[in-house]
Amino acid sequence: MTAPQPAQEVLDLALGQGFDLVGVAPLRAPRAAARFEEWLLAGRQADMDWLEQHRARILDPRLSLPEGKSLLVVGLGHSRAPVELVGGARVARYAAGRDYHNVIGRKLRKLAGVLRARGLLGGWKKVVDAGPLLERSHAAEAGLGFESKAANLLSRRFGPWFFLGELLLDVEVTPTPLAPAGSCGTCTACLSACPTGAILEPGVIDARLCLSYQTIENRGPIPHALRERLGSWVFGCDVCSEVCPWGADAPDLAARFGTHEAIASGSAAEWLGLSPGRFHAAFEGSPLRRAGRDGLGRNAALVLGNLPSESGRNALERALVDPAPLVREAAFWSLARAHRGDRNVADALERTLASETDRTARDGMRRSRAELG
């Protein structure tokens, strides 16, 4: 058998590409495999069906690269400064600037090219966030940090404020040591602070309750019971990371990804009125494209109900005739919540309900009328 390659040269080349954290783990089943299967069995993935569809590859990453032997895991720090739009809506910090999928993906492709040029690599496969890989479990095994009670990976240097990326390698590289012992100890700040109680127990998140899932991955209406708890979050949620003591002294790397123009100068009221074409143009190169035009419009409408303003009211009234039923229904809820008692609003809502042709939107409007008056 060929002896494993020493890791140091591989790690140095990865650091040379600008990554902050690097480590190597064997390419094998993740340590958290059993916990992942229990999570799936409980249905806590909501409608993210791809997790079940790719279950086999998640549990055995060698299926993604049959000749694979090692996993190179990298970390890249990002901003920890709060991101607030005009009018008070908030965006998760990681999504404020350039799309990290593109930034990390380019770095990984360049790193793979350098490794091949040095004769350190043949076949490879990159993963950035969306691939079938239980990356936090593998990253912990590679020594980048430890998994927290909020199911984040925590680093001594960056706390929770960093991205992960991976290269599956067809060569065996000596694994790196585990990180110095770290633990959440008796801290339960994230469990207490979660707006919806989505952290059911340490390390167990129910996506159906998580605001990040609801505002990004969910393609349907956000449950009525969660709408007020959405607060000002128009895309994602940082609450569990904000309260984590491990991130209190992390460096703020806001300049690394910048702030996207649509976020720097935008508002929820403005976003609510975007046409599909304007949405795609405005969010070119931004992670917010993930929510889609209708999803972001839905989120913006609900946030405007939680942050009432005159400009918000005007935007919501216009949204009652939006082409998307998802947006119309959310605007109806927000107007009923934020402007109850206003006769003009009540009349507009009754006309909207009477003319609504989409069954799901109509049912949601009726529920809002019953609950909010």
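1. Buried means under 20% relative accessible area, exposed means over 50%, and partly exposed lies in between (1.4 Å probe, protein chains only). This is a predicted model: local features need pLDDT of at least 70, side-chain atom pairs count only at pLDDT 80 or more, and totals for chains, interfaces and linings use all residues. Residues are numbered from 1 along each chain as its sequence is written, and side-chain values use heavy atoms, without hydrogens or water.

2. A salt bridge is a side-chain nitrogen of Lys or Arg within 4 Å of a carboxyl oxygen of Asp or Glu. The count is 23 salt bridges. Helices (H or I, at least four residues) and strands (E, at least two) are DSSP runs, numbered from the N terminus.

3. D20 and R256 form a salt bridge at 2.5 Å, N to O. The pair links distant parts of the chain, 236 residues apart: D20 sits in the loop between α1 (8-16) and β1 (21-26), R256 in helix α11 (residues 254-257). D20 is buried at 15% relative accessible area. R256 is partly exposed at 29%.

4. Helix α16 (residues 310-319) buries G312, R313, A315, L316 and A319. These buried residues fall within an arc of 165° seen down the axis, so they line one face of the helix; the arc is that of the directions from the helix axis to the C-beta atoms. On the other side of α16, E310 and R318 are exposed.

5. R313 also pairs with E317 in a salt bridge (3.3 Å, N to O). The two are four residues apart in α16, about one helical turn. R313 is buried at 14%, while E317 is partly exposed at 28%.
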